[in-house]
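Colleague: I have a model open and would like to learn how to read it. Please take me through it feature by feature.

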Protein chains: 2
Amino acid sequence: MEEHSNQYAEAAVPQTMQETGAEERDPESIALHQPLLLKRNRTLSSTPLAMVGAKVSHIESLDYEINENDLFMHDWRSRTKVQVLQYVFLKWILAFLVGLLTGIIATLINLATENIAGYKLLAAVSFIEKERYLMGFIFIAGVNLLLTASASVLCVCFAPTAAGPGIPEIKAYLNGVDTPNMFGATIMIVKIFGSIGAVSAGLDLGKEGPLVHIGSCIASLLGQGGPDNYRIKWGWLRYFNNDCDQRDIITCGAASGVCAAFRAPVGGVLFALEEVATWWRSALLWRTFFSTAIVVVVLRAFIQICNSGECGLFGKGGLIMFDVSTVTVTYHAWDIIPVAVIGIIGGVWGSMYNYLLDKILRLYSLINQKGKVHKLLLSLTVSLFTSACLYGLPFLVECTPCNSSLSESVCPTNEGSGNYKKFNCPDGHYNDLATLLLATNDDAVRNIFSTNTSAEYRPLSLLIFFVLYCILGLFTLGIAVPSGLFLPIILMGSAYGRLLGIAMQSYTSIDQGLFAVLGAASLMAGSMRMTISLCVIFLELTNNLLLLPITMIVLLISKTVGDSFNPSIYEIILHLKGLPFLEAHPEPWMRNLTVGELADAKPPVVTLRGIEKVDRIVEVLRNTTHNGFPVVEEVVPPMGLAVGATEVHGLILRAHLVQVLKKKWFLREKRRTEEWEVREKFTSVELAEREAKIEEVAVTRDEMEMYVDLHPLTNRTPYTVMEGMSVAKAMVLFRQVGLRHLLIVPKYEASGVPPLVGILTRQDLIAYNILNAFPHLTKSAGREKGN
Amino acid sequence: MEEHSNQYAEAAVPQTMQETGAEERDPESIALHQPLLLKRNRTLSSTPLAMVGAKVSHIESLDYEINENDLFMHDWRSRTKVQVLQYVFLKWILAFLVGLLTGIIATLINLATENIAGYKLLAAVSFIEKERYLMGFIFIAGVNLLLTASASVLCVCFAPTAAGPGIPEIKAYLNGVDTPNMFGATIMIVKIFGSIGAVSAGLDLGKEGPLVHIGSCIASLLGQGGPDNYRIKWGWLRYFNNDCDQRDIITCGAASGVCAAFRAPVGGVLFALEEVATWWRSALLWRTFFSTAIVVVVLRAFIQICNSGECGLFGKGGLIMFDVSTVTVTYHAWDIIPVAVIGIIGGVWGSMYNYLLDKILRLYSLINQKGKVHKLLLSLTVSLFTSACLYGLPFLVECTPCNSSLSESVCPTNEGSGNYKKFNCPDGHYNDLATLLLATNDDAVRNIFSTNTSAEYRPLSLLIFFVLYCILGLFTLGIAVPSGLFLPIILMGSAYGRLLGIAMQSYTSIDQGLFAVLGAASLMAGSMRMTISLCVIFLELTNNLLLLPITMIVLLISKTVGDSFNPSIYEIILHLKGLPFLEAHPEPWMRNLTVGELADAKPPVVTLRGIEKVDRIVEVLRNTTHNGFPVVEEVVPPMGLAVGATEVHGLILRAHLVQVLKKKWFLREKRRTEEWEVREKFTSVELAEREAKIEEVAVTRDEMEMYVDLHPLTNRTPYTVMEGMSVAKAMVLFRQVGLRHLLIVPKYEASGVPPLVGILTRQDLIAYNILNAFPHLTKSAGREKGN
């Protein structure tokens with residue numbers, strides 16, 4: 001039985017189920033497990049936590065099982081070669097479109113943010129040049145507030161789920177959790193404009209996470225043929241109306257998003273592979289790779305167009321974002337020491353950051369729950385604080401005289417993206433903190449990564465920068481705007497990396513800019529715990545292959561250190577959002593519990609018969625929230641079996657039952673139907689629909705007395721496990737095959753034994769839920785946590 | 001039941017099984033399916049094909065299932081935190097050692113080949129300088145024959161499985177096929193020295209494939225604690241004595257091998273991921289990455305040492321093998337045309353090459369079967385032909401005058417690794433074909449990839465080079481020496497790439513050297529059908545990130561074109577070797593067949609009872625080759641069940657049964673034993689042993705009458721499917737979970753129904769075998785092949 005609605009959000013539902021438990025069971029049906037009253041209150045439920053912006057209302061699972069009912073089998077058998085080619089062709093076309101659209105939208109976002117933020121900063125600088133400092137602050141704070149407010153209002157009013165990075169939800173989706181309201185057209189539009197607003201407002205957040213989400217939204221919308229209510233009913237698209245193909249195309253979208261964010265095609269694929277996707281196939285790898293190739297071609301084309309200067313302040317960066325290839329990397333055996341130090345700092349600070357972020361997100365979640373106004377006020381407060389810091393702090397540091405070897409056009413400058421910002425300094429001097437703070441986030445990274453500029457930044461400025469971005473990074477993520485995690489982490493990491501580079505100056509020949517790169521990489525690994533995808537992303541970001549071996553060592557050290565403290569930031573957010581994510585490995589204590597014991601802790605399974613009365617179906621659908629019902633039958637003796645023989649015919653989905661009621665496919669007498677009868681009534685496109693509400697169905701009193709032949713609509717071959725199977729092994733099966741329902745069959749073969757012990761669903765296999773139902777396991781869970 | 005020995009190699013065994021079929025079944029056991037005599041000859045078997053050097057004697061499956069018998073459960077429960085830490089620590093230590101040793105051995109192989117081949121070529125050149133051309137030929141041909149002979153003798157006499165690339169076998173191993181004699185110490189040593197001999201002999205083969213195999217051998221040997229007969233009995237290593245951990249570490253080894261071959265750490269990991277590994281987990285990715293990082297550090301250290309000139313002719317190359325980063329890549333929209341042309345040529349020629357290679361390998365397999373002398377003679381013939389071509393062909397082309405802009409030290413040269421070889425030319429001239437042919441293979445690639453040398457090679461020379469290497473590439477792979485596929489393909493591809501570059505000279509600004517790189521990439525994709533790993537390998541080989549977008553497009557086009565003709569070269573070799581590889585996707589027609597029908601086509605399942613007589617066990621073990629036996633019991637009525645109730649208690653492994661007989665753990669009376677009794681007798685280390693021969697066990701007549709309690713040794717929770725499940729869905733389960741045995745249970749619940757319908761194994765799920773047993777499916781299989 002499966003997928004109880006989240007107790008936190010709709011606590012009433014499981015209760016209803018328990019109350020109606022006794023009536024629910026058909027007295028005529030075969031004797032099932034007796035309801036054990038004592039165990040009743042140990043019902044399995046989901047984590048009672050939910051984060052800002054994510055009203056986890058009713059979390060469903062996705063279904064990757066091959067549904068073998070008569071109708072689908074027939075549909076599949078009758079597919080001609082042409083249809084198969086259509087399908088393959090469409091898959092590639094969709095991958096192409098995902099890449100194309102993600103590339104275009106990413107360019108537009110970049111164009112918008114760099115121009116808005118750029119002209120805003122230029123205006124502020126002109127105030128400063130005229131020494132009208134207060135006016136400058138009022139202007140910059142006002143514009144930032146306005147931009148933040150617009151982003152926040154969009155999020156709060158139209159799409160609460162568009163707040164935050166979105167990557168954890170996509171990760172959960174690709175794990176098989178049907179995260180609600182994540183891939184709609186509204187979400188996408190809010191995410192695009194919200195992201196432009198939030199990034200332009202100078203908040204400490206990036207557009208990388210949102211771009212991944214936008215890529216996935218594009219993919220999902222293309223795959224289903226448009227927004228929910230205005231889908232294109234194009235015949236070809238029906239092949240994609242299933243969870244498997246949707247999953248594949250959303251993986252493409254996520255990879256395209258990363259690729260567009262970092263202009264890193266290989267890194268994008270690997271990110272999708274390492275961090276986001278749960279299932280992975282060689283063919284998928286290839287299609288994902290195709291999408292990201294298209295993204296790169298699109299980006300390159302736009303950059304070439306913009307190089308002629310027609311895009312305002314955009315397009316100076318080139319295809320490689322933070323190019324450090326000009327510096328020759330020379331390192332020796334003893335350079336392992338600073339490298340290891342960076343790695344350790346990255347690991348320690350990364351896990352600390354995760355820990356603090358967890359606390360602050362919980363705090364924010366309390367504030368955000370109070371209502372829309374609170375959400376908005378929180379965002380505006382953070383924006384005001386950010387503006388004050390970014391504008392005010394550079395006044396605290398002293399001006400630095402320009403190095404005489406630099407030409408006057410380079411130092412000092414007041415242009416948008418230059419190094420050596422003049423700010424409030426006299427001619428021939430520059431303000432190093434303003435260079436980092438009064439720039440767009442991308443420019444700040446470019447400036448701090450800049451190589452062969454060893455004396456540019458003073459330690460004090462870098463320290464201020466680091467402390468400021470630590471504070472901002474912690475307090476910005478939870479506000480109700482689309483926010484990426486990558487950039488804040490890169491900024492923090494590069495600051496301490498460069499600081500360390502200054503400290504180590506006399507010991508090593510590694511450039512300070514490279515130290516900044518390594519610092520950024522170490523903090524990413526320490527917080528996000530990725531390895532190979534980060535490595536490739538950094539390779540593609542910085543275009544310096546010689547850096548690869550030391551990058552690898554840094555990443556390995558920080559991930560190891562980080563992992564010994566807490567899980568990755570994405571896992572923390574997943575947990576906060578209460579999404580039932582199935583881990584790759586079962587917990588050790590799960591080997592001590594059998595699925596039979598688990599089934600006992602749940603309300604008894606609700607079964608239907610092969611030919612069932614309409615009123616029973618209506619009753620079951622109205623009174624339960626389950627999404628699948630086993631079809632169990634008594635077998636008539638002529639089969640050569642003993643009396644009392646029973647058979648599990650299969651599993652029927654709620655959506656199909658609702659379709660039956662909607663179409664009023666009722667029989668006057670109790671009889672088996674022929675295949676053609678069903679085929680005439682239902683198209684496989686209709687049956688592929690997942691959304692079906694019992695509330696919309698009206699059945700007359702007469703019809704209630706009629707029958708339905710469920711056989712042709714039943715998935716005849718659900719996956720099963722025997723009741724003696726340990727939860728650990730069942731979970732391996734459940735996750736590897738990508739199931740939604742797993743039937744538990746008895747291990748005894750005898751008449752009188754109920755043919756079904758229970759059903760397992762995703763919620764039942766989540767460690768948290770099991771420990772709630774079996775408190776005695778908690779002890780052993782704690783003891784063996786080290787495994 | 002499972003894993004019939006390969007009929008091709010040991011045709012007698014299945015026959016014995018069929019003869020003894022009737023006696024085998026215990027008359028007391030519950031009635032099983034009646035043996036259907038008509039169906040008998042439709043027994044499922046494996047492909048009747050075997051390739052050179054691979055006596056496919058008795059192919060077993062690996063077992064990745066969690067074995068939940070009492071003893072293992074206890075062992076696992078009693079593991080302390082310290083033991084868990086030991087295990088984790090050891091995993092990392094092993095990954096470190098794999099990287100370290102692979103790095104060292106790869107360097108030594110490089111050192112040896114470059115010195116042997118280099119001094120050989122220098123000596124030949126000195127003959128040519130003295131115009132003693134015939135002596136030069138005799139010298140070079142003689143040395144090559146000697147080197148080939150030594151490599152071939154090693155392979156033929158000591159390790160036939162060391163011949164060939166080895167990658168397909170590793171791929172099969174990681175898919176769950178226990179490929180015999182692939183990971184021993186002998187194999188590794190033969191592979192190392194054979195590879196040195198074969199590469200130094202100037203044969204058209206690389207050391208890349210063998211290095212992957214060597215890496216895997218190192219990993220396997222480390223994992224199991226030494227060579228088969230001299231294993232270290234170190235307590236810690238017992239945790240690794242299972243198929244899962246062996247699989248993980250061999251994946252590390254394969255990645256390290258690729259990394260060492262191409263000095264491409266990320267490419268190595270991705271190769272292991274995309275091409276070799278069937279199962280993949282995030283944790284594994286990370287450990288693999290660690291191994292390759294170590295390899296790179298080792299390689300770098302050696303290169304630094306060798307840069308001082310203490311390694312003879314080795315060490316000039318640097319960490320990046322074929323560096324083309326000096327050239328600035330500029331390309332425009334219309335460059336898509338030459339790029340697409342390269343891609344199409346790569347796809348067409350790649351699939352053509354696969355097709356021809358298939359034919360030639362079949363032909364060679366016939367020759368090689370005739371005996372060791374034939375194998376040897378074949379190798380020597382190929383060596384002689386190669387020597388004649390490499391030495392003779394440069395005489396056919398005219399000398400080219402050196403470009404006046406080049407200094408005299410650069411052109412002409414007679415040194416080992418230089419461009420512009422003088423050969424037989426007068427001063428101030430060079431022989432362009434000799435530059436390519438009279439060099440080590442690595443140098444040849446470096447020379448043909450060389451950028452900014454547009455006039456160096458004349459089209460005729462490149463054409464001769466291309467045709468020659470096509471012929472050599474086809475006829476060299478099948479001979480009995482360790483041979484890699486990468487290098488021949490790179491040489492062929494770069495030749496036509498550069499030719500195309502010359503043809504397109506006036507249309508495009510892409511350098512000819514880059515055309516050569518793209519050509520090599522396209523042929524690799526056309527033949528091996530990898531995408532992302534190739535992309536990264538080429539990135540790391542050539543150190544030019546700007547080339548990435550066009551490399552991606554080339555790879556995508558050639559793979560698409562290639563895939564429309566035939567499978568990848570590795571799959572072709574897998575098929576030739578008759579290895580039961582489980583594909584990622586079930587064939588479409590598998591949805592029309594149920595596992596019940598499949599079970600009917602097999603001999604009836606052999607079951608044991610929970611408490612079994614010794615003579616029955618001995619009989620079963622002697623007369624069958626199955627590796628797992630279901631334990632099925634009648635349940636005594638007090639359980640509240642009807643009379644005739646039965647239970648599938650689980651599955652017991654052959655290895656464990658043999659252990660029971662060896663240890664003589666017999667009972668005088670028919671009783672259940674206590675857990676401590678078993679634990680006293682068997683350690684879990686003993687039970688983890690896979691090798692156990694019934695022939696080595698002697699049981700007295702008295703003992704034959706005693707009993708064994710099989711309960712504690714039985715895996716209580718085998719995975720099961722219902723008989724109505726389609727083969728397609730069962731295969732998904734089988735492959736995803738990594739099973740060796742899959743029990744088929746009846747879908748009826750009634751007394752009198754046998755509790756087990758059959759067992760499925762890997763061989764039963766191979767499409768070829770099913771089509772043999774069900775010829776009527778062949779028609780539909782053909783019809784739907786397009787899917």
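Modeller: Start with strands: helices (H or I, at least four residues) and strands (E, at least two) are DSSP runs, numbered from the N terminus. Two strands pair if DSSP finds at least two bridges between them. Here A:Thr720 stands opposite A:Leu743 in E10(A). The model is predicted: local features need pLDDT of at least 70, side-chain atom pairs count only at pLDDT 80 or more, and totals for chains, interfaces and linings use all residues. Residues are numbered from 1 along each chain as its sequence is written, and chains are lettered from A and ligands numbered from 1 in the order in which they are written.

Colleague: In which sense do E9(A) and E10(A) pair, and over how many bridges?

Modeller: Strands of a sheet pair through backbone hydrogen bonds, either parallel or antiparallel. E9(A) and strand E10 (residues 742-745) of chain A are parallel, over three bridges. They belong to an open sheet of three strands in chain A, in the order E9-E10-E12 and with mixed pairing. Its edge strands are E9 (720-722) and E12 (758-760), each pairing on one side only.

Colleague: What lies across E9, E10 and E12 of chain A?

Modeller: For angles, axes are lines fitted to C-alpha atoms, for helices over the stretch in contact, and the angles run from 0 to 180 degrees between N-to-C directions. Two residues are in contact if their C-beta atoms, placed from the backbone, lie within 7 Å. H27(A) lies across these strands and runs at about 145° to E10(A).

Colleague: How many residues of helix H27 of chain B are buried?

Modeller: A residue is buried if 20 or more other C-beta atoms lie within 10 Å of its own, exposed if 12 or fewer, and partly exposed in between, with C-beta atoms placed from the backbone. In helix H27 (residues 727-737) of chain B, nine of the 11 residues are buried, so the helix is largely enclosed by the rest of the structure. Among them are B:Val727, B:Met731 and B:Phe734. The buried residues of H27(B) pack against partners that include helix H27 (727-737) of chain A and helix H28 (767-773) of chain B. After H27(B) comes B:Gly738, with a positive phi near 75°.

Colleague: What rotation superposes chain A on chain B?

Modeller: Two copies of a chain are related by a rotation about an axis and a shift along it. Copies are superposed by least squares on the C-alpha atoms of residues with pLDDT of at least 70 in both. For chains A and B the rotation is 180°, with 0.1 Å of shift along its axis and an RMSD of 0.1 Å. That is the relation of a two-fold axis. In chain A, the C-alpha nearest the axis belongs to A:Ala750, 2.2 Å from it.

Colleague: How many residues of chain A are in contact with chain B?

Modeller: In chain A, 69 residues are in contact with 70 residues of chain B. Helix H10 (residues 282-310) of chain A gives the most to its side, with nine residues. Of the interface residues of chain A, 100% are also interface residues in chain B, so the copies meet through the same surface.

Colleague: Which residue is the bridge partner of A:Glu647 in E11(B)?

Modeller: The partner is B:Tyr748. Strand E7 (residues 646-653) of chain A and strand E11 (residues 748-749) of chain B pair in the antiparallel sense over two bridges. A:Glu647 counts as buried, with 21 C-beta neighbours inside 10 Å.
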